[in-house]
Amino acid sequence: MALTDILNSVIVFDKKAVVENVKAAISSGIPIDDILNKGLIAAMDIIGEKFSSGEIFVPEMLQAAKAMQLGLEVLKPHLSGDALMEKGTVIIGTVKGDLHDIGKNLVTMMVEGAGFNVIDLGVDVDVNKFVSEAQAHNADVVCLSALLTTTMPVMAKTVEALKEAGLKAKIIIGGAPVTHAYAQQIGADGFSDNAPGAVELIRKLVAA
Ligand code: B12
């Protein structure tokens, strides 16, 4: 079983093959990080390029996303680390207008695996919902995800609203178009371009 088999099965959105290939890779001892990064995530990058060049369209992108998510479900138990005691409460969601959730789900899985209580608000989350849920759960950290350049400004609005509400929660942001500079610009407390980095960041912010 090679990582290219996983990658190719996502690209042709053969869901059954994705599940089988990920299972086979796990049993043959391929590192979980490699299955994730060089198999599943690398496939989504190729899908993105094909979409940009007009080779595929939204329905195909969606099929690939579904195939990838099935692969992630198989990986999920192996991503969990030290989920022994609860270390804090984290609210996560994809901002208003944005329906991308694969990256958010991956961050959720890894943060849960690191022992945090994660409340996932889903996609297309209204600014006020972030504020009310952070308040209701006395959140330690709020995580905002956005995959579209057009929804990045909603992150800025959400950060502003959370700050205005005077909550103790730290705010971190992420998603393919987001940068460290943008996080600083909108007053977020941190940024990471990957899920393990998000865990690291949350650990630091909660300990601070
Ligand atoms: C799959 C996909 C879709 C699927 C989403 C399915 C789903 N359930 O998520 C569907 C088909 C629905 C879709 C729709 C659209 N999409 Co789309 N999509 C993608 C694609 C191919 C992959 C995204 C992905 O899942 N990547 C894999 C994950 C693991 O990576 P990630 O999300 O970046 O997450 C990682 C990090 O960023 C980080 N992270 C993520 N969130 C957070 C949060 C925090 C707090 C932290 C710390 C870290 C963090 O950790 C994650 C793990 O490593 C990208 C191309 C790409 N390569 O990004 C285009 C892409 C994002 N889509 C694009 C577009 C244009 C669209 C549409 C507008 C298309 C259309 N004409 O309808 C719609 C918009 C719908 C909407 N309102 O949201 C463009 C965006 C361009 C831009 N400049 O904004 C892209 C870049 C494709 C392209 N090259 O043109 N899409």
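Which residues does S192 touch, not counting residues up to four places away in sequence? S192 touches I173, G174, G197, A198 and L201, where contact means heavy atoms within 4.5 Å.

The model is predicted, so local features need pLDDT of at least 70 and side-chain atom pairs count only at pLDDT 80 or more, while totals for chains, interfaces and linings use all residues. Residues are numbered from 1 along each chain as its sequence is written, and side-chain values use heavy atoms, with hydrogens and water left out.

S192 sits in the loop between β5 (190-191) and α9 (195-207). Helices (H or I, at least four residues) and strands (E, at least two) are DSSP runs, numbered from the N terminus. With a relative accessible area of 13%, S192 is buried. The classes used here are buried for under 20% relative accessible area, exposed for over 50%, and partly exposed in between, with a 1.4 Å probe and protein chains only.

The chain is divided into domain 1 (3-79) and domain 2 (89-207), with bounds that come from an automatic or database domain assignment. Ten residues from domain 1 and seven residues from domain 2 make up the contact. The C-alpha centres of the two domains lie 25 Å apart.

About 730 Å² is buried between domain 1 and domain 2, and carbon and sulfur atoms give 80% of this area. Buried area is the accessible area (1.4 Å probe) that two parts lose on being put together, summed over both. On the side of domain 1, Q69, L72 and L79 lose the most area to domain 2, together 56% of what that side buries.

Across this interface the rule finds zero salt bridges, a salt bridge being a side-chain nitrogen of Lys or Arg within 4 Å of a carboxyl oxygen of Asp or Glu. The count of residue pairs in polar contact between the domains is one, with both residues at pLDDT 80 or more. The elements that give two or more residues to the side of domain 1 that touches domain 2 are α3 (32-52) and α4 (58-79). Helix α4 provides the largest share of that side, seven residues.

## Salt bridges

Side chains of opposite charge can pair when their charged atoms come close. By the salt-bridge rule the count comes to seven, and the table gives some of them.

| Pair | N to O distance |
|---|---|
| K16 and E20 | 3.9 Å |
| E55 and K50 | 3.0 Å |
| D120 and K104 | 2.8 Å |

K16 and E20 both lie in helix α2 (residues 15-27), four residues apart, about one turn of the helix. K16 is exposed, at 62% relative accessible area, and E20 is partly exposed, at 45%.

In the second pair, E55 is exposed at 51% relative accessibility, and K50 is partly exposed at 21%.

D120 and K104 form a salt bridge at 2.8 Å. This pair links distant parts of the chain, with D120 in strand β2 (residues 117-120) and K104 in helix α5 (residues 102-113), 16 residues apart. D120 is partly exposed, with a relative accessible area of 35%, whereas K104 counts as buried, at 3%.

## Positive phi values

Most residues other than glycine have a negative phi. F13, a residue other than glycine, has a positive phi near 40 degrees. F13 lies in the loop between α1 (3-11) and α2 and is partly exposed, at 27% relative accessibility.

N138 is not a glycine either, and its phi is positive, about 50 degrees. The loop between α6 (127-136) and β3 (141-145) holds N138, which counts as partly exposed at 49% relative accessibility.

Note on methods. Polar contact = N/O pair within 3.5 Å; in protein donor to acceptor, adjacent residues only side chain to side chain.
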